[in-house]
Amino acid sequence: MSTHDADHADHADHAAPEAPVRFDTKIAVLLREDLETWQRLNVTAFLVSGLGKQFPEVIGEPYADADAVGYLPMFRQPVLVFEGSKETLTTAHARVLSRALPRALFTSDLFTTGNDCDNRAAVRAVHTAELDLVGLAVYGPKNAVDKVLKGARMHP
């Protein structure tokens, strides 16, 4: 590396921070407002858990600390969490289906199951219009996700 390159590299470390990254997609979770705190956390984790497998581009690079200890990669963009009434979830569910956006759902029945097989069976046993939704995740273009979530409010 030349002296000029070394000076430039050193200067780059002290350069002004880059402008914030603007994503053209959005990852959002909508939770029913009457959930207990542990339920909100559990539902959120479950809802976003499959997103990286289905859409690997949402996952960033692995992390490492200053001692070179490695950590798993995480989403490359924020996960926005919203809340709303049972009716808000029902409306958002209809909107996400009509727009054919990637989605995940969590129904009240899933609080009583203990494994993935039973979870899928519990959802499969209920017709779409009769699902007792407590959580919904959606991923897609920002404008489309915003339209799905219309009427919901940011989680406090």
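Glutamate 33 and arginine 153 form a salt bridge, with their closest N and O atoms 2.4 Å apart. A salt bridge here is a side-chain nitrogen of Lys or Arg within 4 Å of a carboxyl oxygen of Asp or Glu. Glutamate 33 lies in the loop between β1 and α2 and arginine 153 in strand β7 (residues 153–154), so the bridge ties together parts 120 residues apart in sequence. Helices (H or I, at least four residues) and strands (E, at least two) are DSSP runs, numbered from the N terminus. Glutamate 33 is partly exposed, with a relative accessible area of 35%. Arginine 153 is also partly exposed, at 40%. Buried means under 20% relative accessible area, exposed over 50%, and partly exposed in between (1.4 Å probe, protein chains only).

The model is predicted: local features need pLDDT of at least 70, side-chain atom pairs count only at pLDDT 80 or more, and totals for chains, interfaces and linings use all residues. Residues are numbered from 1 along each chain as its sequence is written, and side-chain values use heavy atoms, with hydrogens and water left out.

The salt-bridge count comes to eight. Lysine 26 pairs with aspartate 146, the closest N and O atoms being 2.3 Å apart. This pair links distant parts of the chain: lysine 26 sits in strand β1 and aspartate 146 in helix α6, 120 residues apart. Lysine 26 is buried, at 12% relative accessible area. Aspartate 146 is partly exposed, at 35%. Another salt bridge joins the side chains of aspartate 132 and arginine 32 (2.8 Å, N to O). Aspartate 132 lies in the loop between α5 and β6 and arginine 32 in strand β1, so this pair ties together parts that are 100 residues apart in sequence. Aspartate 132 is partly exposed, with 24% relative accessibility. Arginine 32 counts as buried, at 12%. Both residues belong to a network of salt bridges that links Arg32, Asp34, Lys86 and Asp132.

The nonpolar interior was examined next. In soluble globular proteins, nonpolar side chains tend to be buried together. A nonpolar core is a set of buried Ala, Val, Leu, Ile, Met, Phe, Trp, Tyr and Cys residues joined through side-chain atoms within 4.5 Å. The largest such core has 16 residues, and Leu30 and Leu149 have the most contacts inside it. The elements giving two or more residues to this core are β1 (25–32), α4 (86–98), β6 (133–141) and α6 (142–148). Another core, of 15 residues, lies apart from it and includes Val29, Leu31, Val134 and Ala137.

Contacts (heavy atoms within 4.5 Å) were then listed for single residues. Residues up to four places away in sequence are not counted for leucine 30, which touches Phe82, Glu83, Gly84, Thr88, Leu89, Ala92, Val134, Gly135, Leu136, Leu149 and Ala152. Threonine 44 is found in helix α2. Its relative accessible area is 17%, so threonine 44 is buried. With neighbours within four places in sequence left aside, threonine 44 is in contact with Val29, Leu31 and Val81.

The structure holds four aromatic pairs. Rings of Phe, Tyr and Trp (its six-membered ring) pair if their centres lie within 6.5 Å; planes under 30 degrees apart count as stacked, over 60 as edge-to-face and the rest as tilted. The rings of tryptophan 38 and phenylalanine 111 have centres 5.7 Å apart and planes at 65°, so the pair is edge-to-face. This pair links distant parts of the chain, 73 residues apart: tryptophan 38 is in helix α2 (residues 37–48) and phenylalanine 111 in the loop between β5 (103–107) and α5 (116–124). Tryptophan 38 is partly exposed, at 49% relative accessibility. Phenylalanine 111 is partly exposed, at 24%. The rings of phenylalanine 106 and phenylalanine 111 have centres 5.1 Å apart and planes at 50°, so that pair is tilted. Phenylalanine 106 is buried, at 4% relative accessible area. Trp38, Phe46, Phe106 and Phe111 form one aromatic cluster.
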